[in-house]
Amino acid sequence: MHEVPGFRYDLTILMMYQHNSINEEIGLYELSRYVYARSRHRRLVENKEEYFESLYDDIAPTITHVDYATGLLYTSSSRAESTALRIIEEKERYLSLIEREDRKARMFEEEFSQLTAKEQLAIRFKYFKKHRNIRFFASERFNLIVKAAESKLCLAIQEEMIKRITESQRYKRYQLGLQLQEQ
């Protein structure tokens, strides 16, 4: 049987999530990636044109170098095809990053809307420090509300990760099936 590269590793991650053996810090780290995804998305979209233009900055058909020690001139050039392919790949990577951040932001916003009003308030304060009633946020009750809200959000993120890994595994199995049929 032929093994698809990365298949075993992804399956191990999936099993780890299914058995809830992931530690809380990974969940909270991932949560912060989702919480701040909308601001990263906005920044990426705002800088997209500038970034795309910067990809063309270093293009020069031929560059002449002087070796002052020997007095020789050297020329170097970049191939137009390889430069064009590199630029296309960078643009696709950047657009994929924008799409990924938007997907994370939409997922967070959907799950955030499912929280109670107090949980939403606690998450807003903890991650964005936006609120006036500071006495409430210094209480033990606030910490309990934050923990409950974070747990709900982390669970939703873990379920999303499992779903993504499962879809990836299905695709890899499909590809493996095609490879086996060709042989």
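Q: What makes a residue count as buried in this protein?
A: Buried means under 20% relative accessible area, exposed over 50%, and partly exposed in between, with a 1.4 Å probe and protein chains only. Buried residues make up 30% of the 183 residues in the protein.

Q: What kind of model is this?
A: This is a predicted model, in which local features need pLDDT of at least 70, side-chain atom pairs count only at pLDDT 80 or more, and totals for chains, interfaces and linings use all residues. Residues are numbered from 1 along each chain as its sequence is written, and side-chain values use heavy atoms, with hydrogens and water left out.

Q: How do you know how confident the predictor is?
A: Each residue carries a pLDDT, the predictor's confidence, from 0 to 100. The mean pLDDT of the protein is 78. In all, 80% of its residues reach 70 or more.

Q: Which elements have the lowest and the highest mean pLDDT?
A: Helix α1 (residues 7-18) has the lowest, at 39. Helix α3 (residues 37-54) has the highest, at 94. Over residues 1-25, pLDDT stays under 50.

Q: What makes a stretch count as a helix or a strand?
A: Both are DSSP runs, numbered from the N terminus: helices are H or I with at least four residues, strands are E with at least two. The protein has 7 helices and 2 strands. Their order from the N terminus is α-α-α-β-β-α-α-α-α.

Q: Why is I157 called buried?
A: Its relative accessible area is 3%. The cut-off is under 20%, so I157 is buried. I157 lies in helix α7 (residues 140-182).

Q: Why is E30 called buried?
A: E30 has a relative accessible area of 16%. That too falls under 20%, so E30 is buried. E30 belongs to helix α2 (residues 24-35).

Q: How do you know which residues I157 is in contact with?
A: Contact means heavy atoms within 4.5 Å. Leaving aside neighbours within four places in sequence, I157 is in contact with E30, L31, Y34 and M107. On the same terms, E30 is in contact with I157 and M161. I157 and E30 are 127 residues apart along the chain, yet their C-alpha atoms are separated by 7.5 Å.

Q: What makes the span of α5 close to the expected one?
A: The expected span is 1.5 Å times one less than the number of residues. Helix α5 (residues 117-128) has 12 residues and reaches 16 Å from its first C-alpha to its last, close to the 16 Å expected. Its buried residues are E119, Q120, A122, I123, F125 and Y127.

Q: Why is α4 called oblique to α5?
A: Axes are lines fitted to C-alpha atoms, for helices over the stretch in contact, and angles run from 0 to 180 degrees between N-to-C directions. The axes of helix α4 (residues 80-113) and α5 come within 9 Å and cross at roughly 135 degrees. Under 35 degrees is roughly parallel, over 145 roughly antiparallel, 65 to 115 roughly perpendicular, and the rest oblique. So α4 is oblique to α5.

Q: Which residues make that contact between α4 and α5?
A: F108, F112 and S113 come from α4, and Q120, I123 and R124 from α5.
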